[in-house]
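Visitor: I would like to learn how to read the local features of a model. Please take them in turn.

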Amino acid sequence: MGVPGWLTARPIAHRGLHDHAAGIPENTIAAAEAAIAGGYAIECDVQPSAEGEALVFHDEALGRLTEISEPTASRTTAELTALQVAGTQERIPTLSAFLACITGRTPLIVEIKTQFNGDLTLTRRVAEIANAYRGPIALKSFDPGIVGALAELAPELPRGIVAEKRQDDPSYAKLPPRERLALSDLLHLHESRPTFLSWRVDDLPGAVPYLCRHLGKMPVMTWTVRTESQRALAAAHADQIVFEGFRP
């Protein structure tokens with residue numbers, strides 16, 4: 001499938017155009033509205049509730065942004081959507097509610113979070129919601145198994161692999177060295193079949209994004225751009241930015 005032009009047309013606000021100091025927390029409807037008002041696309045994350053519903057929230061645990069510290073997936077959808085985010089009046093939205101707010105006014109890129117355990121429950125739910133949505137939407141994940149599944153579950157939607165040169169984050173700890181190498185060098189492309197690449201900005205330039213972009217004709221978005229030097233790297237070696245902390 002071809003990749004639609006809207007995927008790289010507007011800078012993408014990381015977790016929405018959030019500003020905690022202004023009472024606009026990340027991954028909330030307020031952050032989405034701020035991004036739309038600024039003319040930006042939106043990137044958001046999804047985690048599962050206890051029932052497998054897709055909630056717009058980044059962390060596996062609730063403690064950084066809410067008053068409780070349990071794993072996100074240990075709470076029901078009703079419990080999660082009742083929680084205040086970062087001490088504001090904003091609540092954790094379901095992905096369905098998030099899309100009902102955006103209503104096609106700007107592109108949305110949804111990152112499906114993963115524990116690299118082969119569980120596709122959240123992926124299936126996200127695909128179901130995204131397939132029914134009538135606005136511009138793309139799906140992505142760090143997990144090649146999820147991206148490969150999306151080729152079957154949502155074949156008409158753009159799907160991206162999120163990757164980086166090194167796996168320093170603790171979430172990679174459970175993976176053996178061979179699997180980490182496959183992630184950093186995209187040795188899973190025959191299985192994951194992404195239509196775009198989302199690459200860590202501090203790992204630019206590099207062979208993987210260069211080959212994807214110039215030989216694979218795969219658009220490269222890059223994350224997370226926070227400084228002018230990172231923005232310059234992205235301008236030279238990528239097609240679009242996922243940004244935070246400033247307005248491009």
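This is a predicted model: local features need pLDDT of at least 70, side-chain atom pairs count only at pLDDT 80 or more; totals for chains, interfaces and linings use all residues.

Visitor: Which residues does the annotation "domain: GP-PDE" cover?

Guide: The UniProt record, an unreviewed entry, gives residues 9-248 for "domain: GP-PDE"; such annotations may be inferred rather than shown by experiment. Over residues 9-248 the chain is 32% helix and 18% strand, with the end C-alpha atoms 13 Å apart. Helices (H or I, at least four residues) and strands (E, at least two) are DSSP runs, numbered from the N terminus.

Visitor: At what angle do helix 3 and helix 4 pack?

Guide: Axes are lines fitted to C-alpha atoms, for helices over the stretch in contact, and angles run from 0 to 180 degrees between N-to-C directions. Helix 3 (residues 95-102) and helix 4 (residues 121-132) pack at about 25°, with axes 10 Å apart. Helix 3 is therefore roughly parallel to helix 4 (angles under 35 degrees count as roughly parallel).

Visitor: Which residues of helix 3 and helix 4 meet?

Guide: Contact means heavy atoms within 4.5 Å. Leu95, Ser96 and Leu99 of helix 3 meet Arg125, Val126 and Ile129 of helix 4. The residues of this contact divide into 4 nonpolar, 1 polar and 1 charged. Here Ala, Val, Leu, Ile, Met, Phe, Trp, Tyr, Cys and Pro count as nonpolar, Asp, Glu, Lys and Arg as charged, and the others, Gly among them, as polar.

Visitor: Which residues of helix 1 are buried?

Guide: Buried means under 20% relative accessible area, exposed over 50%, and partly exposed in between (1.4 Å probe, protein chains only). In helix 1, Ala31, Ala32, Ala34, Ala35 and Ile36 are buried. Their cover includes strand 1, strand 2 (41-48) and helix 3. After helix 1 comes Gly39, with a positive phi near 85°.

Visitor: Which residues does a cis peptide bond join?

Guide: The cis bond joins Leu204 and Pro205, with omega about -10°. Pro205 is in the loop between strand 7 (196-200) and helix 8 (207-214).

Visitor: Is Thr28 buried or exposed?

Guide: Thr28 counts as buried because its relative accessibility is 1%. Its place is in the loop between strand 1 (12-14) and helix 1 (29-38). Not counting residues up to four places away in sequence, Thr28 touches Val85, Glu90, Arg91 and Phe98.

Visitor: What does Trp6 touch?

Guide: Trp6 lies in the segment before strand 1 and, at 24% relative accessibility, counts as partly exposed. With residues up to four places away in sequence left out, Trp6 touches Pro107, Pro136, Ile137, Ala138 and Pro158. The C-alpha atoms of Trp6 and Leu108 are separated by 9.9 Å, although these residues are 102 apart along the chain.

Terms used:
Residues are numbered from 1 along each chain as its sequence is written. Side-chain values use heavy atoms; hydrogens and water are left out. Angles under 35 degrees count as roughly parallel, over 145 as roughly antiparallel, 65 to 115 as roughly perpendicular and the rest as oblique.
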